[in-house]
Amino acid sequence: MIRSYKYIIHFILLITIQLLVVNNIQINSYINPYMYILFILILPFDLSKSLLLLIGFFTGLSVDIFSNTFGIHAAATTLLAFVRPTLLTLISTREAYEPGSCPNIGMYGFTWFVKYLAIGTLIHHSALFMLETFNFDIFHITLGKIFTNLIASIILMLFYYIIALKHTKKRR
Amino acid sequence: MKELLNIFVKFHRAFLFILLEILCLIMIINNNNFHHSVYMSSANSICGGIFNTTSSISSFFKLKSINEELLLENTELKNQLIQRNIENDTSATLINNKYLYRSAHVINKCINKTENSITLDKGRKDGIKKEMAVISNKGVVGIISNVSKNYSTVLPIINQTLSVSAKIKRNNFYGSLWWDGNSYREALLKDIPFHANIVKGDSIITSGYSSIFPEGILIARVKEYNHASGNNFLDIKVNLSVDYKTLENVYIVEYLLKEEQTQLETSK
């Protein structure tokens with residue numbers, strides 16, 4: 001119960017930061033990072049996969065509602081939530097993830113965590129920007145957007161992780 | 001049924017995923033104007049493309065019959081028009097139509113020689129006689145030269161044995177149009193006096209003196225002219241209005257009062 005309480009706080013924090021701060025970062029209309037997906041990525045391993053899907057959907061939907069882009073973020077986050085379990089098994093370094101824990105640097109290493117973030121964000125951003133442009137004619141521009149935002153998002157997420165999450169993990 | 005349920009339970013995550021994504025897409029398309037318009041336009045372009053292709057294919061096969069119908073209708077209308085004109089013309093003492101139009105198709109043509117000819121798909125059976133006029137919607141084509149039961153041949157303007165009585169529409173100077181045997185798009189207009197005022201592009205129409213062609217049908221337009229010294233007449237080069245290479249449908253014009261006229265003219 002305490003754990004879910006903690007995640008709700010993270011959810012609210014991440015969405016608020018995304019909407020109030022990060023959405024206002026627009027360099028050259030090219031870089032517009034999305035860091036709220038960290039919430040989906042840091043959910044615990046043993047969470048039910050269906051519940052994960054629903055959480056992904058509603059996370060995206062809440063961003064959509066506030067940024068007037070109905071369905072675009074929801075579609076991308078649902079996809080991310082859908083592939084997350086597969087992604088975790090693909091990049092696992094050990095035999096199994098410790099049940100009850102969540103993806104973190106302390107237990108699995110910085111490299112693993114960045115790899116995990118990068119692949120997850122890539123999947124999310126690819127879906128998101130393709131849906132946003134909805135057009136394959138300017139695919140090279142979309143591709144550029146995906147990669148610049150990928151880097152920006154990862155940096156932001158790492159910042160957030162180090163500031164807000166790393167210590168709480170240690171305390172637990 | 002149980003197995004179906006099992007499958008559903010087994011893949012419930014995938015089903016949920018697909019369901020949610022479909023929900024997202026529905027939201028995207030319904031709520032975002034841009035996506036809505038793109039979706040609609042692409043749907044339209046697909047549908048439109050398919051519709052266009054099918055209709056163009058089917059219309060290609062219908063083309064022939066449609067052409068036939070149009071031609072028939074045109075003939076009808078032309079005949080009606082002439083009748084109407086005669087009715088309105090108070091000075092005309094004619095009660096009957098002066099001209100009768102019949103539509104015909106070009107089935108063979110030879111336009112590369114000096115003795116050119118065109119074959120039509122109407123013959124004696126359809127009431128075609130020698131020396132009837134042949135025109136198209138663009139202008140004068142020629143004169144019927146030979147008639148068989150089902151076919152007739154046309155002596156076109158681009159045949160050196162034919163010369164057509166023609167006049168300049170603007171000032172009514174009249175002369176005769178004759179083909180010099182060079183280009184199938186060009187001919188010469190002779191017997192126009194040198195004091196006639198001519199401008200490039202002047203329309204040359206049938207004079208109506210020949211008792212073959214109705215008056216006022218376009219033959220050609222003036223391309224260039226010059227006046228050789230010591231000559232009383234201008235040398236005028238004209239562009240023929242009919243393109244014989246693309247000629248498909250023609251009208252055969254019968255001058256119904258021809259016999260009366262020739263009888264009167266030849267009587268002493």
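Visitor: Which residue forms a salt bridge with B:Glu254?

Guide: Bear in mind that this is a predicted model: local features need pLDDT of at least 70, side-chain atom pairs count only at pLDDT 80 or more, and totals for chains, interfaces and linings use all residues, while side-chain values use heavy atoms, with hydrogens and water left out. Residues are numbered from 1 along each chain as its sequence is written, and chains are lettered from A and ligands numbered from 1 in the order in which they are written. A salt bridge is a side-chain nitrogen of Lys or Arg within 4 Å of a carboxyl oxygen of Asp or Glu. With the closest N and O atoms 2.9 Å apart, the partner of B:Glu254 is B:Arg102.

Visitor: How many residues apart in sequence are the parts tied together by B:Glu254 and B:Arg102?

Guide: Helices (H or I, at least four residues) and strands (E, at least two) are DSSP runs, numbered from the N terminus. B:Glu254 sits in strand 12 (residues 249-255) of chain B and B:Arg102 in strand 1 (residues 99-110) of chain B, so the parts they tie together lie 152 residues apart.

Visitor: Is B:Glu254 buried or exposed?

Guide: Buried is under 20% relative accessible area, exposed over 50%, and partly exposed in between (1.4 Å probe, protein chains only). Like B:Arg102, B:Glu254 is buried.

Visitor: Which residue is linked with B:Arg102 and B:Glu254 in a network of salt bridges?

Guide: The pair we've been looking at doesn't stand alone. A network of salt bridges links B:Arg102 and B:Glu254 with B:Lys129.

Visitor: Now B:Lys167 and B:Glu215: where does B:Glu215 lie?

Guide: Their side chains meet in a salt bridge, 2.6 Å from N to O. B:Lys167 is buried at a relative accessible area of 7%, whereas B:Glu215 is exposed at 52%. B:Lys167 lies in strand 6 (residues 163-168) of chain B, so this bridge ties parts 48 residues apart in sequence, with B:Glu215 in the loop between strand 9 (203-206) and strand 10 (218-226) of chain B.

Visitor: What is the relative accessibility of B:Arg170?

Guide: B:Arg170 makes a salt bridge with B:Asp202, 3.0 Å from N to O. The two are 32 residues apart, B:Arg170 in the loop between strand 6 and strand 7 (174-178) of chain B. B:Asp202 is buried, at 7% relative accessible area, but B:Arg170 is partly exposed, at 46%.

Visitor: How many salt bridges does a search of the whole structure find?

Guide: We've picked out some of them. Over all chains, the count is seven.

Visitor: Over to chain A: how many helices does its secondary structure have?

Guide: From the N terminus on, its elements run α-α-α-α-α-α-α. There are zero strands, and the helices number seven.

Visitor: Is helix 3 of chain A roughly parallel or antiparallel to helix 4 of chain A?

Guide: Helix 3 (residues 49-67) and helix 4 (residues 72-90) of chain A pack with their axes 7 Å apart, at an angle of about 155 degrees. Axes are lines fitted to C-alpha atoms, for helices over the stretch in contact, with angles from 0 to 180 degrees between N-to-C directions. Angles under 35 degrees are roughly parallel, over 145 roughly antiparallel, 65 to 115 roughly perpendicular and the rest oblique. So helix 3 of chain A runs, relative to helix 4 of chain A, roughly antiparallel.
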